[in-house]
Amino acid sequence: DPTLSIARAYLATIMMQSIQFGWIKSTRQLWTTAMDLAESSVRLDPRSSFAFQIVAYLHALEGHYEAAMDAANRAVGLNPYDMGARGVLGFCYFYAGEHKQAIELISMAAQRGNSDPRYQWAAVNAFSHYLVGQYDASLSWAREQLYLNPNHLQALAIRAAALAQLGRAEEAASAAEVLLSNFPNFTVERHLSNFHWKKPDDIAHYRDGLLKAGAPST
């Protein structure tokens with residue numbers, strides 16, 4: 001059914017998750033296809049909260065912060081009871097460097113909508129807590145994400161970085177070894193090239209933790 005909005009939105013979501021889980025290679029063509037699917041989903045059903053969520057999510061990932069926030073707020077406005085919409089709004093705040101708001105919204109989504117398979121709230125919350133210096137909380141959220149998916153690239157990476165920032169050098173080195181055994185081509189700079197966070201200090205903070213853990217720079 002070429003006119004089924006939600007099918008397009010889900011296909012775009014699956015594409016993004018597959019990249020993040022390391023199942024498929026990220027290419028510009030894939031990103032363009034995903035955005036085309038998301039935007040056509042909104043055009044087909046402008047009352048779909050979920051369609052606006054994936055549009056917001058993609059804009060945030062590409063560093064289009066205003067467009068992301070606009071779409072996320074539209075999603076929440078269309079369905080204030082959809083925890084996915086609130087979580088995506090939190091994700092947009094996270095990318096924009098507003099971590100207090102991000103933690104509040106993502107925690108709400110994780111606690112009230114944790115059976116939703118579309119998102120990885122625990123991993124995003126691990127990042128937000130890390131970036132405000134709450135490393136123990138970051139580890140706790142990363143651990144929760146790894147219960148669901150032991151091979152989650154971002155959760156493995158943020159765990160190593162948080163352990164390093166806590167001064168737990170041996171554990172951090174061990175966590176970095178696990179990360180590299182699962183993703184042997186991982187380098188800090190290649191990893192960070194996929195992060196379009198608004199605040200350079202956030203990128204520098206994350207890089208510092210990964211390097212302290214012993215992850216290879218290039």
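## Close-up views of a predicted model

View 1. Lys-212 and Asp-208 both sit in helix α12, four residues apart, about one turn of the helix. Their side chains meet in a salt bridge, with N and O 3.1 Å apart. Asp-208 has 32% relative accessibility and counts as partly exposed. Keep in mind that this is a predicted model.

View 2. Arg-207 is partly exposed, with a relative accessible area of 26%. Glu-189 is partly exposed too, at 30% relative accessibility.

View 3. Arg-28 forms a salt bridge with Glu-62. The closest N and O atoms are 2.9 Å apart. Arg-28 lies in helix α2, while Glu-62 lies in the loop between α3 and α4 (65-78), so the pair ties together parts that are 34 residues apart in sequence. Is Arg-28 buried or exposed? Arg-28 is exposed, with a relative accessible area of 55%. Glu-62 counts as partly exposed, at 21% relative accessibility. Side chains of opposite charge can pair when their charged atoms come close. The count for the model comes to four salt bridges.

View 4. Why is helix α7 described as largely enclosed by the rest of the structure? Of its 11 residues (121-131), 11 are buried, so the helix is largely enclosed. Among these buried residues are Trp-121, Asn-125, Phe-127, His-129 and Leu-131. Which helices do the buried residues of α7 pack against? They pack against α5 (83-95), α6 (99-112), α8 (135-148), α9 (153-165) and α12 (200-213). Gly-133 follows α7, and its phi is positive, near 85 degrees.

**View 5. Aromatic rings.** How many aromatic pairs does a search of the whole structure find? The search finds 15. One of them joins Phe-94 and Phe-127. Phe-94 lies in helix α5 and Phe-127 in helix α7, so the pair ties together parts that are 33 residues apart in sequence. Both residues are buried. Trp-197 and Tyr-206 form another tilted pair, 5.8 Å centre to centre, with 35 degrees between the planes. Trp-197 counts as buried, at 6% relative accessibility. Tyr-206 is buried as well, with a relative accessible area of 0%. Ring pairs link both of these pairs into a cluster that also includes Tyr-57, Phe-91, Tyr-95, Tyr-130, Tyr-135 and Phe-195.

**View 6. Ser-48 in its loop.** Ser-48 lies in the loop between α2 (28-44) and α3 (49-61). Is Ser-48 buried or exposed? Its relative accessibility is 12%, so Ser-48 counts as buried. Leaving aside neighbours within four places in sequence, Ser-48 is in contact with Ser-5 and Leu-78. From Ser-48 to Leu-163, C-alpha to C-alpha, is 41 Å in space and 115 residues in sequence.

Key
Residues are numbered from 1 along each chain as its sequence is written. This is a predicted model: local features need pLDDT of at least 70, side-chain atom pairs count only at pLDDT 80 or more; totals for chains, interfaces and linings use all residues. Side-chain values use heavy atoms; hydrogens and water are left out. Buried means under 20% relative accessible area, exposed over 50%, partly exposed in between (1.4 Å probe, protein chains only). Helices (H or I, at least four residues) and strands (E, at least two) are DSSP runs, numbered from the N terminus. Contact means heavy atoms within 4.5 Å. Rings of Phe, Tyr and Trp (its six-membered ring) pair if their centres lie within 6.5 Å; planes under 30 degrees apart count as stacked, over 60 as edge-to-face and the rest as tilted.
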